[in-house]
Amino acid sequence: MTHWYTEQSGTVADLQTLIQQHTQAADYPHAVEIKNNVPVYDGATLGDHNHKALMAEWANVLRNGPGIIAIKSAFTDTAPIDRATAVFETLIAREKAAGAAAADHFAKPGANDRIWNVLEKHCLADPEGFAAYYANQALATVAEAWLGPAYQMTAQMNRVNPGGTAQSAHRDYHLGFMTSAQSARYPAHVHTLTSALTLQGAVAHCDMPLESGPTLYLPFSQHMDSGYLAFPRSEFQEFFRERHMQLPLQKGDAVFFNPALMHAAGTNMSKNIYRMANLLQVSSAFGRAMETVDRSAMCLALYPTLAASDMNHRARSAVIAAAAEGYAFPTNLDRDPPIGGLAPNSQADVMHKALADGISEQAFAHQISRLTTRQSS
């Protein structure tokens, strides 16, 4: 058993073996049908099922099965969807008027309209509408099924306009938002465990026939342990283009999937469908430290010591790792976009560069202050 993956780990043959599986209806008795290997559930009847049994089944789909579920009519009443859509369209217009252009991690610039942190923006713009939207029991049940209670919700609105091209096939946050060189530094067991820290979902805010490009996905691909390093490679991208599946959706439907599932938003080939989805990223309550630490203050205090020190690179890196925030997220992606990569610079990145450039304490303090401002809501 390997402890480290490399950028060349895994083969297409490995992936092909995994995806030859077929979803069996007998394994998912609460589903109303199996479509394109995806168990499909009826949102109108979810309350008729034993709650814990349903959650256990959904967790089994996400972990051991095809890795994706669909909930038809997750919103049996689509009025909260329409109300939220109106808020989102207002936000799009306001941000465009202000000159904002939110970049997509995996699509070409201009292919879509995206609102970062639409969860907070929606709540502040329309608290009553927000409450009606997130009172939805299908969303709460699937989040708890995968992550347990005390999960934390985030959301990004994405509207793929007519002609908007597909994303590259990918896995999602956490390791999916790193370069292959970065993710290769994490031991193999982290590649396996990371998918248990988040749940990905999407709520359809309009009807999404296949021509509009609803999510492309590859069932069972989440089982490939080295996929975070393998999937960006050209041979895997080509395999995905040949073998992916799709589900048409209607307004109020939802899909949820294991973040390690290979997937991508599709090309909107329609002439008049502005395909809008609320992308939900739900996080585990456990991905947090025990104590509150003022790492900015620690960085400022340490900088003159490290600048004057003759310690070697590994020793200096160990000190920075103990003091600085080494992860770029959470951040405010409106002000701190992932320019030139999948993630913005972390506090540790800023400190490493400042020391390498030999800037003054005052200049470093200004950089840390600017970073704090960019990251704040």
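Leaving aside its neighbours within four places in sequence, which residues is T23 in contact with? They are Y28, I34, N37, P39, P66 and F220. The model is predicted.

**Around T23**

- T23 is found in a loop, between α1 (12-19) and β1 (33-35).
- T23 has a relative accessible area of 11%. Buried means under 20%, so T23 is buried.

**Aromatic pairs**

- The structure holds eleven aromatic pairs.
- One of them joins F231 and F236, with ring centres 5.9 Å apart. Their planes stand at 50 degrees, so this pair is tilted.
- F231 is buried, and F236 is buried too.
- Another pair is Y303 and F364, with ring centres 4.3 Å apart. Their planes are at 15 degrees, so this pair is stacked.
- Y303 belongs to helix α11 (residues 295-308), while F364 belongs to helix α14 (residues 361-375). The pair therefore ties together parts that are 61 residues apart in sequence.
- Y303 and F364 are both buried.

**Aromatic cluster**

- One aromatic cluster is formed by F75, F130, Y133 and Y134.

**A charge over a ring**

- R171 places its charged end over the ring of Y228. The distance to the ring centre is 4.6 Å.

Terms used:
Residues are numbered from 1 along each chain as its sequence is written. This is a predicted model: local features need pLDDT of at least 70, side-chain atom pairs count only at pLDDT 80 or more; totals for chains, interfaces and linings use all residues. Side-chain values use heavy atoms; hydrogens and water are left out. Helices (H or I, at least four residues) and strands (E, at least two) are DSSP runs, numbered from the N terminus. Buried means under 20% relative accessible area, exposed over 50%, partly exposed in between (1.4 Å probe, protein chains only). Contact means heavy atoms within 4.5 Å. Rings of Phe, Tyr and Trp (its six-membered ring) pair if their centres lie within 6.5 Å; planes under 30 degrees apart count as stacked, over 60 as edge-to-face and the rest as tilted. A charge sits over a ring if NZ of Lys or CZ of Arg is within 6 Å of the ring centre and within 35 degrees of the ring normal.
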